[in-house]
Amino acid sequence: MIEDIKDVLIDEMTLKERVKDLAKELSEEYKDKNPLVICVLKGAVLFMSDLIKNMDIPLEIDFMAVSSYGNETRTSGEVRIMKDLDKSVDGRHLLIVEDIVDSGLTLSYLVKMFKDRHTKSVKVCSLLDKPERRTTNVDIHYVGFAVPDEFVVGYGLDFAEKYRNLPFIGVLKEEIYL
Ligand code: XMP
Ligand code: MG
């Protein structure tokens, strides 16, 4: 595991502090809105659970799974809904929680889909942002960290389903995925 990591980009302490700050901001914004906080599986699971533990307001959670990546490090250019929400979003304030925004394709698709479902508001909170890779314009209202154009793993993010349980964000050695 750890021997496959080239660099630690964001250590555990730094993640923890930033997540707390984001949670504070979000609590302020959503205190009277009973938001539906949507975790995009599986990458956002660790981030989302740490985030909501630090939000001291009424909220509900739900999960969805989309696919635009296989075991590759580049997008296939296609978004498929693998698991939709359990709850209705009608009249709700939605906060979509993502692990990373890369091309922006996944999020722009999700935001558009939810806006078409009679929501009161749709906002996005992503742990990581890779701005250099953006091809589709999408508003990310809350961002944890901007990262360079390298393949990162850990804290929920995977390569071929591995490394999600690392407690930090690291850059994978090239020989692992080349
Ligand atoms: P798009 O291109 O639609 O992609 O913005 C977002 C999704 O792509 C995955 N992704 C990564 N996953 N390390 C990962 O583990 C990365 O560096 C990376 N870049 C993109 C991720 O699933 C995200 O939700
Ligand atoms: Mg993802």
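1. Before we start: helices (H or I, at least four residues) and strands (E, at least two) are DSSP runs, numbered from the N terminus. Keep in mind too that this is a predicted model.

2. Let's look at the ligand. Strand 5 (93-101), helix 3 (105-115) and strand 8 (152-153) each give at least two residues to the shell around ligand 1. Strand 5 makes the largest contribution, with four residues.

3. Which residues come nearest to ligand 1? Of the 18 around it, they are D102, S103, L105, T106 and L157. By type, the shell splits into eight nonpolar, six polar and four charged residues.

4. Is T106 buried or exposed? It has 22 other C-beta atoms within 10 Å, so it is buried; the cut-off for that is 20 or more. S88, by contrast, is 18 residues from T106 in sequence and 20 Å from it in space, C-alpha to C-alpha.

5. Now for a pair of helices. Helix 1 (residues 12-30) packs against helix 2 (residues 45-53) at an angle of about 60 degrees, and their axes are 8 Å apart. The two are therefore oblique to each other, and their crossing is right-handed.

6. What meets what where these helices pack? From helix 1 come V19, L22 and A23, and they meet F47, D50 and L51 of helix 2. That contact has five nonpolar residues, no polar ones and one charged.

Technical notes:
Residues are numbered from 1 along each chain as its sequence is written. Chains are lettered from A and ligands numbered from 1 in the order in which they are written. This is a predicted model: local features need pLDDT of at least 70, side-chain atom pairs count only at pLDDT 80 or more; totals for chains, interfaces and linings use all residues. Axes are lines fitted to C-alpha atoms, for helices over the stretch in contact, and angles run from 0 to 180 degrees between N-to-C directions. Angles under 35 degrees count as roughly parallel, over 145 as roughly antiparallel, 65 to 115 as roughly perpendicular and the rest as oblique. A crossing is left-handed if the near helix is turned anticlockwise from the far one by less than a right angle, and right-handed if clockwise. Two residues are in contact if their C-beta atoms, placed from the backbone, lie within 7 Å. Ala, Val, Leu, Ile, Met, Phe, Trp, Tyr, Cys and Pro count as nonpolar, Asp, Glu, Lys and Arg as charged, and the others, Gly among them, as polar. A residue is near a molecule or strand if its C-beta atom, placed from the backbone, lies within 6 Å of it. A residue is buried if 20 or more other C-beta atoms lie within 10 Å of its own, exposed if 12 or fewer, and partly exposed in between; C-beta atoms are placed from the backbone.
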